[in-house]
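Trainee: Please put the chains up, and then we can go through them by question and answer.

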Amino acid sequence: MTNIAIVGTGQTAHARRRLDVSQAGLAREAVMEALADAGLTMADIDSVVVASGPAMFGAVNQPEKWLVDALGARFKPVVRVTSGGGTGLAGALAAMNQIKGGVAKRVLVVAYDKLSEGALQASISTLYDPFWGREFAVGIMGFSAAYWRARMDRLGHTEEAAAMVAVKNRANSMLNPKAHVKKEVTVEEVLASKPLCWPIKVLDVPPISDGACAVILAAEGDAEAITSTPAWIRGMAYYSEADNAAHRSMLQSEPLKIAAAKVYRASGVTNPRRQFDVAEVQEPYTCFELSYYEGLGLCPEGGAAELIASGATQMTGDIPVNPSGGCMGANPIGATALIRLAEAAMQVTGKAGAHQIQGAELGLVQAGGGWANLRGVAVVGSTKD
Amino acid sequence: MTNNATSTRETMGSMTSRLSMPYTLTAGKAMGTFLAELGAQRIIGSRCAACATVRVPAQDFCGDCGAETGELVAVPSTGELTGWTVTERGILAFVLLDGTDVPLLHRIVDTDVSSLVLGARVSARWAAEPAGNVMDITGFAIDAESTVGALAPTNELLAPIEQLAYRMELTYEHSYGHFYGSLFDSVKNDRRIRGIRCPSCRNVLLPPRGFCDVCFVPTKDWIDIPDTGTVQACSVVHIEFVGQRMTPPYVYAEIVLDGTATRLIHSVGGLSAEEARSGIVKPGSRVKAVWSDRATGSLADIEYFQVIDGSA
Amino acid sequence: MVAATSRNVAVVGSAQTQLKAAWSDRQHVDLISEAVARALLGTGLRIEDVDFVIDSGSDFLDGRSISNCGFLGAMGAHHKEESRVEEDGLWSALYGATKIASGSASVGLIVAYSKSSESDPNDYWTSLAEPFTQRPVGLDQNAVAGLFAQRYLTRFGVPASALRAVTHRAWAAADGNTFVDATLEMLQDEYWSQEIASPLRRSDMARPVDGAVAVLLASKDVARQIGGSPVWVTGMGSAIDQHFIAARDGATLPAAAAAASAAYRMAGASGASDFDIVEVSAGSTAGELMVLEALGMAEPGKAIDLYADGASPGLNPSGGALPADVVMASGLVRLHEVAAQLGGRSDHAPQGARRGLAHASGGLGMQNHCVITLETS
């Protein structure tokens with residue numbers, strides 16, 4: 001099977017509100033950086049996958065139809081893949097298949113959201129079935145907080161443990177030039193911060209951001225010709241779960257486990273804690289990072305609080321998680337999953353700058369969205385196998 | 001956002017849902033400048049740095065070739081009609097302004113339809129009070145006397161309009177269909193909750209549905225469900241946001257009613273936020289529906305769930 | 001480059017619900033699960049055999065964000081790989097075919113649906129336009145179609161009255177298609193002859209309907225195991241034009257031509273004449289002429305000749321999208337139609353057809369185009 005590599009990445013300067021660019025201009029900024037990184041121009045790109053969050057975030061339906069001018073993609077294949085918060089990874093998966101399936105050689109994936117433009121919580125609340133609970137919805141915060149509360153009882157995911165995630169990721173953001181939230185916090189400050197949807201408190205929550213990310217994929221043979229530092233995609237999968245299926249477990253994410261198992265098998269990972277040098281996970285709230293530790297097999301079930309407390313997931317630990325700062329540094333929702341992939345690629349190719357994990361060769365990526373029922377996993381490496 | 005279930009037993013047809021959401025949209029530099037300059041009755045276009053195409057409204061990027069705009073240009077307010085269509089919402093037209101390569105899409109005003117011909121000279125009509133949007137030109141009118149203008153360099157451009165307030169209003173008539181219809185008809189008229197059983201896995205599904213999500217087989221038997229259940233998970237909502245339908249604080253709860261295998265989303269009431277956080281309601285708490293006086297055929301017919309003795 | 005998709009992926013099953021003005025007594029999930037269950041029938045495949053689901057629907061039409069989230073069970077996607085392509089289902093089929101061709105999956109289910117009767121379809125179409133200059137002046141799908149139709153008719157000297165033949169033929173075909181509720185008798189109603197965007201009447205516009213469609217794609221190995229007469233995917237292509245309506249040509253569809261030429265190249269086809277069945281989805285009668293010309297079925301301005309009595313039996317045997325346009329799904333309905341007609345599963349297939357083409361369009365004024373070609377062995 002053809003190996004696929006990331007040959008260029010780009011990110012905008014993320015911000016709370018970018019008044020200088022439209023949605024289309026924002027996406028272009030990331031694309032131009034990715035093209036420059038790869039040493040390519042749009043003429044070298046066969047196909048474009050646009051990924052962004054729910055269109056109601058930005059009042060423009062099927063925004064790729066508008067973005068096409070800013071992307072310089074006239075007369076190319078342009079399609080949008082959307083899958084809530086994990087959409088960037090779902091877009092990258094579509095791009096991989098285009099190359100492996102023989103319809104394109106080089107594919108540009110661009111993911112973005114300009115969240116300053118809409119009413120975020122009202123918009124996400126329409127995720128809920130209009131007949132079944134929408135009036136109680138608080139975006140995804142209501143159920144996210146509720147199941148964190150349940151994990152506290154069953155898995156020991158305490159408020160203190162989640163606060164440590166906030167402390168770690170916000171400290172890591174200080175080293176990331178693309179992050180726009182640059183403020184360190186303490187466990188005490190997180191615990192004392194205002195409850196938004198208890199047990200979720202304001203410092204458990206990432207910022208609302210404008211931002212975009214672009215990634216260029218190419219196949220083996222072509223990839224090495226483009227760059228001396230391709231980041232090889234060793235596996236990628238994106239699984240779903242019916243939102244109100246019988247006996248759906250919200251304590252551990254089944255689709256995450258299924259996706260991880262498939263990707264680990266494809267990439268020869270049998271001991272994730274030991275084999276991965278770095279992980280980038282998409283944490284819409286601190287509590288999710290704890291849950292992902294377990295779902296991704298970085299620790300046993302019920303071991304997440306101990307893992308964060310041990311320091312293992314710090315920059316200096318044996319399995320650093322989110323050296324970029326994760327979503328806590330910037331959270332343009334539709335772009336965040338692709339940012340995780342780009343950051344992991346930067347890590348395994350030694351391009352992460354101040355937040356580089358020295359010698360990182362194998363990186364783990366996690367993303368997801370919706371009713372916590374869409375979950376993707378990817379593995380990237382400095383070598384093909 | 002509002003939901004109004006107004007149907008009667010006879011119809012149980014649809015539920016109206018209105019989404020009304022505010023936006024502040026960013027136009028970008030060129031478009032923002034175009035919009036700002038309209039207020040001064042000036043039309044700004046852009047010339048592509050690569051292919052030299054001149055387009056109006058000014059764009060940051062060239063739709064033809066994808067290059068960035070080289071310069072903004074002042075465009076005459078006169079041009080020729082290159083297309084039109086008469087619709088219920090008025091006459092829409094393509095107007096190729098003098099000196100440009102790409103027509104402007106706008107409206108035709110103050111003009112009798114029968115006088116429209118391709119190639120006719122037109123000129124802009126301006127709003128008396130500029131509002132900072134594209135309707136500062138109310139439209140274009142036939143103007144046979146207009147002389148052919150020329151592009152001019154721009155100087156002292158106004159600062160771009162950075163944000164436009166926008167509101168999207170979308171109205172839906174969501175069909176109840178057979179399954180929600182049967183459930184909510186019973187809820188409304190008989191205060192009876194009904195689920196449906198999957199013949200394969202035997203789980204009772206609420207809300208009822210035509211196919212079991214897990215087995216993908218048609219569901220079969222309707223099952224009466226008590227209005228008691230167990231809290232699977234809950235949180236305490238404090239945050240306030242635009243479009244919110246409940247008034248915080250309230251307890252968001254996902255409840256598994258007795259005998260079912262799925263989640264009902266509602267609130268747990270009759271207690272304060274402090275009580276909720278203290279553990280009076282928590283995963284495993286037993287709850288019972290407190291029925292409302294309303295009969296709407298929706299979950300709003302249950303006022304809230306209250307904690308009862310016992311635990312799961 | 002060798003296209004891994006060509007003749008390595010087959011349509012092994014497909015089905016649609018009836019397409020009708022309003023399925024007011026059924027929900028999206030009901031329509032979707034009916035299409036999926038029926039697509040599996042007769043293939044010997046069960047839902048467990050499906051490796052992945054790619055689906056098309058619209059948050060704007062559904063009135064909910066990330067709307068695929070709520071429909072996963074009805075699509076049979078529980079604990080499977082799933083992605084939403086927010087564009088006509090033919091693009092989902094393209095995605096699914098690449099996934100199978102890549103060797104990473106054997107069986108994929110492609111689903112597309114909409115219930116435009118639950119909202120004002122104009123809101124959907126208008127929301128596709130950038131909001132600063134095109135929306136405020138009152139742009140909608142009818143206005144775009146009218147503006148482009150005027151361009152087309154004047155450039156090529158075709159009278160607007162000639163478009164009646166396009167409508168008549170489409171609705172007559174739909175009248176004979178049990179899966180579409182449109183009849184020629186309905187067309188007699190004065191409502192349809194009202195001018196809606198000059199030079200177009202309402203009957204010139206694609207009529208929005210509710211429905212769902214599902215297509216099962218499989219690898220060569222699985223298709224051979226199933227037996228029967230698999231319908232192979234031979235070519236695929238897609239291309240988009242620029243956004244601003246006024247900047248597009250209007251009388252021709254270069255993006256459709258680019259999509260077709262990519263598909264022909266992959267299929268090793270010399271052109272449109274290689275295909276016995278051509279099912280296209282156009283937004284208006286004039287738009288349908290432009291699509292046919294972009295596919296190479298007629299010289300620019302000459303597609304109307306294809307509508308002469310008895311000409312082109314393989315052109316939209318289903319009626320196409322004009323009498324029944326399931327927004328987000330019309331292109332996938334076309335793929336289902338071509339596959340069913342080639343595979344001997346349709347009562348309106350032209351005699352002896354071996355090769356077929358399905359076309360989809362997306363966006364205001366058909367900004368985006370996708371073409372998939374099929375053949376039986």
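This is a predicted model: local features need pLDDT of at least 70, side-chain atom pairs count only at pLDDT 80 or more; totals for chains, interfaces and linings use all residues.

Trainee: How much area is buried between chain B and chain C?
Mentor: Contact means heavy atoms within 4.5 Å, and 53 residues of chain B are in contact with 53 residues of chain C. Buried area is the accessible area (1.4 Å probe) that two parts lose on being put together, summed over both. Carbon and sulfur atoms give 62% of the area between chain B and chain C, and the total is about 4000 Å².

Trainee: Which residues form the salt bridge between chain B and chain C?
Mentor: A salt bridge is a side-chain nitrogen of Lys or Arg within 4 Å of a carboxyl oxygen of Asp or Glu. The rule finds 1 across this interface. The closest N and O atoms are 3.1 Å apart, and the pair is D140(C) and R89(B).

Trainee: Which element of chain B gives the most to the side that touches chain C?
Mentor: Helices (H or I, at least four residues) and strands (E, at least two) are DSSP runs, numbered from the N terminus. Several elements of chain B each supply at least two residues of that side, including helix 1 (29-38), strand 6 (78-87) and helix 2 (177-190). With 10 residues, the element that gives the most is strand 12 of chain B.

Trainee: Is E159(A) buried or exposed?
Mentor: E159(A) forms a salt bridge with K201(A), the closest N and O atoms being 2.7 Å apart. The pair links distant parts of the chain, 42 residues apart, with E159(A) in helix 6 (residues 159-173) and K201(A) in strand 6 (residues 200-201) of chain A. Buried means under 20% relative accessible area, exposed over 50%, and partly exposed in between (1.4 Å probe, protein chains only). K201(A) is buried, and E159(A) is likewise buried.

Trainee: How many residues apart in sequence are the parts that D301(B) and R191(B) tie together?
Mentor: The closest N and O atoms of the salt bridge between D301(B) and R191(B) are 3.2 Å apart. D301(B) lies in the loop between strand 19 (285-291) and strand 20 (302-311) of chain B, and R191(B) in the loop between helix 2 and strand 13 (193-197), so the pair ties together parts that are 110 residues apart.

Trainee: What is the relative accessibility of R84(C)?
Mentor: R84(C) forms a salt bridge with D55(C), the closest N and O atoms being 2.8 Å apart. D55(C) lies in strand 2 (residues 52-56) and R84(C) in strand 3 (residues 81-85) of chain C, so the pair ties together parts that are 29 residues apart in sequence. D55(C) counts as buried at 0% relative accessibility. R84(C) also counts as buried, and its value is 0%.

Trainee: How many residues of helix 13 of chain A are buried?
Mentor: Helix 13 (residues 333-348) of chain A has 16 residues, which at 1.5 Å a residue should span 22 Å, in agreement with end C-alpha atoms 24 Å apart. The expected span is 1.5 Å times one less than the number of residues. Helix 13 of chain A is largely enclosed by the rest of the structure, because the buried residues number 16 of the 16.

Trainee: What is omega for the cis peptide bond from S198(C) to P199(C)?
Mentor: Most peptide bonds are trans. P199(C) lies in the loop between strand 5 (195-197) and strand 6 (200-201) of chain C. The bond from S198(C) to P199(C) is cis, with omega near 5 degrees.

Trainee: What is the phi of N316(C)?
Mentor: Most residues other than glycine have a negative phi. N316(C) is in the loop between helix 10 (285-294) and helix 11 (330-342) of chain C, and is buried, with a relative accessible area of 5%. N316(C) is a residue other than glycine with a positive phi, near 45 degrees.

Note on methods. Residues are numbered from 1 along each chain as its sequence is written. Chains are lettered from A and ligands numbered from 1 in the order in which they are written. Side-chain values use heavy atoms; hydrogens and water are left out.
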